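Subject: Structure for you to take over

Hello,

Here is the structure I said I would pass on. My notes on what was found in it follow below.

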Amino acid sequence: MKNVLFIAYYFPPLGMSGIQRTLKFVKYLPEFDWHPLILTIRQTVYYAKDFSLFKEIPNSAEVYRTFSLEPLSLWSYLKSFLGGQKGLSVQSFATTRQRFKVFNDWLFIPDNKTGWLPFAFWSGLKLIKKGEIDVIYSTAPPYTSHLIGYLLKKCSGKPLVLDFRDLWTQRPLLSYPTLFHQRANEFLERKILQEADQIITISELWKRNWILKYSFLPEQKFTVISHGFDSEDFIGVIPHRTEVFTVTHAGALIEITAKYFFLALKSLLEEYPEFKNKMAVKFIGVAKREEQEIVREFGLENTVRFIPYLPHQQCLQAEADSDVLLLLTMEEEEMRIRGKLYEYLGTGKSILAITPEGETANLIKELKVGKVVSPKDISGIKEAILSYYHQYANGFLPTFKPAIKRFDRKNLTLHLAEVFNEVSGETSLN
């Protein structure tokens, strides 16, 4: 069995969908003769923690946690020292993070996790010198992870595999405070991509965009491994019939898009007042104060319910118990596919995707698993909800086969293991 060093800032007990990709790779890699050593943070201020995820980490995996010097953590400790409560609530986390945004954007390159770099780099270097590390793997965001991987490769000569869960300098709505910040990030991105032995993206479109921007990158340096879902997570998850038509959104809300959804819902309930007793809309996860105020302003309190972050298994059950799953993205996200979509696919439930034409819309249409509406199309959103409700009322609401094999986490991990075999000089697993 060969060893791979994972550089992953987000890892249990941290929650939310961002950690699922890494966790599932770690879970299944030993089945393909790769032993993961995970380099992650010791503790941080974060709004969602899920200790139940520890059980998915295989006993053979080795987890190394290091200190990270970060603005939000320092702020939390300062508040505690001055007599306040240590840590931040969900609401104060969102508010404080927004207040720190300008500070972070100006002072930190590539992101505000650079305070993790010296500790993670030193710990990673000791692990490489101590044992036989065959491959270095880093996953981002944060992009500091890739910088750590880059430095470890330069010092050790070990092959480096980069995994991009999100774009870097081409992220939608990205705005750097100065041209210097933009150029500095592009310089780092170029150097790190150039040094990597293999680059993993979640879609062909991302791959094409990078090759277009950095023409020196050969196509064979890229591998597409999409997000996915773990079929084992759904063992024991049995859907229950709801008393009212239930639409559920899981994960962080997109405030701008959510407002148009609420406008459509308001219009629908004004036209059909009886729906107030026949319909429930649930938002599981983090909702900022602004979104809750919009719900009150529109008079939707009896229909819309905000549920705090749930452990992963409980969230899956809530999704399975719903009639329609709601996916919200921004107008500018035509290139992005949110990881939450793949978990929705695992439930087999109908999906209402409020998203622009692009990667997400194309996948939903290809698989024929739901309806796609443009984010600002209030009448279209309203019609989609109404259509799903009539299907529900008549007992004809479609469900879909959950086991879409190409998105199963074990199959995706097999693909990753083959990448590791290739860069380390091993033969293919096929």
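Thr40 is in contact with Ala8, Tyr9, Phe11, Val63, Tyr64, Arg65, Thr66 and Trp116, leaving aside residues up to four places away in sequence. Please keep in mind that this is a predicted model. Thr40 belongs to strand β2, which covers residues 34-41. Its relative accessibility is 0%, so Thr40 counts as buried.

Ala61 lies in the loop between β2 and β3, the latter being residues 62-66. Ala61 is classed as buried because its relative accessibility is 13%, and the cut-off for buried is under 20%. With residues up to four places away in sequence left out, Ala61 touches Val26, His35, Pro36 and Ile38. One of these contacts, Val26, is 35 residues from Ala61 along the chain, and the two C-alpha atoms are separated by 7.5 Å.

Strand β5 runs over residues 160-164 and is mostly covered, with five of its five residues buried. Which way do the side chains of β5 point? Leu160, Leu162 and Phe164 point one way, while Val161 and Asp163 point the other way, and all are buried.

β5 pairs with two strands that I can describe here, β4 and β6. Strand β4 (residues 135-140) runs parallel to β5, and five bridges join them. Within this pairing, Ala140 is opposite Phe164 of β5. Helix α5, residues 144-156, forms a right-handed β-α-β unit together with β4 and β5.

Strand β6 (residues 198-201) is also parallel to β5, with three bridges between them. Here Leu162 stands opposite Ile199 of β6. To get from β5 to β6 the chain passes through helix α6, residues 179-195, and this β-α-β crossover is right-handed.

**The second largest pocket**

The second largest pocket has a volume of about 240 Å³. It is lined by 14 residues, of which Ile337, Tyr342, Leu363, Glu366 and Arg406 are the closest to its centre. Which element gives the largest share of the lining? Helix α12 (residues 359-367) does, with four residues. By type, the lining consists of seven nonpolar, three polar and four charged residues.

**Two further residues**

Ser322 sits in the loop between α10 (312-320) and β11 (324-328). Is Ser322 buried or exposed? Ser322 counts as buried, because its relative accessibility is 1%. Apart from residues up to four places away in sequence, Ser322 touches Thr246, Thr248 and Lys349.

Lys130 is part of helix α4, which covers residues 117-130. At 70% relative accessibility Lys130 counts as exposed, because the cut-off for exposed is over 50%. Between Lys130 and Gly380 there are 59 Å in space, C-alpha to C-alpha, and the two are 250 residues apart in sequence.

**Where to start**

- Thr40 in β2, at 0% relative accessibility.
- β5, with β4 joined to it by five bridges and β6 by three.
- The second largest pocket, with four lining residues from helix α12.
- Lys130 in helix α4, which counts as exposed.

Regards

Notes
Residues are numbered from 1 along each chain as its sequence is written. This is a predicted model: local features need pLDDT of at least 70, side-chain atom pairs count only at pLDDT 80 or more; totals for chains, interfaces and linings use all residues. Side-chain values use heavy atoms; hydrogens and water are left out. Buried means under 20% relative accessible area, exposed over 50%, partly exposed in between (1.4 Å probe, protein chains only). Contact means heavy atoms within 4.5 Å. On a 1 Å grid over the protein atoms alone, a cavity is a set of points where a 1.4 Å probe fits but cannot get out, and a pocket is an open set with protein on both sides within 12 Å along at least five of seven lines; lining residues have an atom within 4 Å of a point. Grid points are joined across faces, edges and corners, and a volume is the space filled by probe spheres set on the points. Ala, Val, Leu, Ile, Met, Phe, Trp, Tyr, Cys and Pro count as nonpolar, Asp, Glu, Lys and Arg as charged, and the others, Gly among them, as polar. Two strands pair if DSSP finds at least two bridges between them. A crossover is right-handed if, with the strands pointing away from the viewer, the path from the first strand over the helix to the second runs clockwise.
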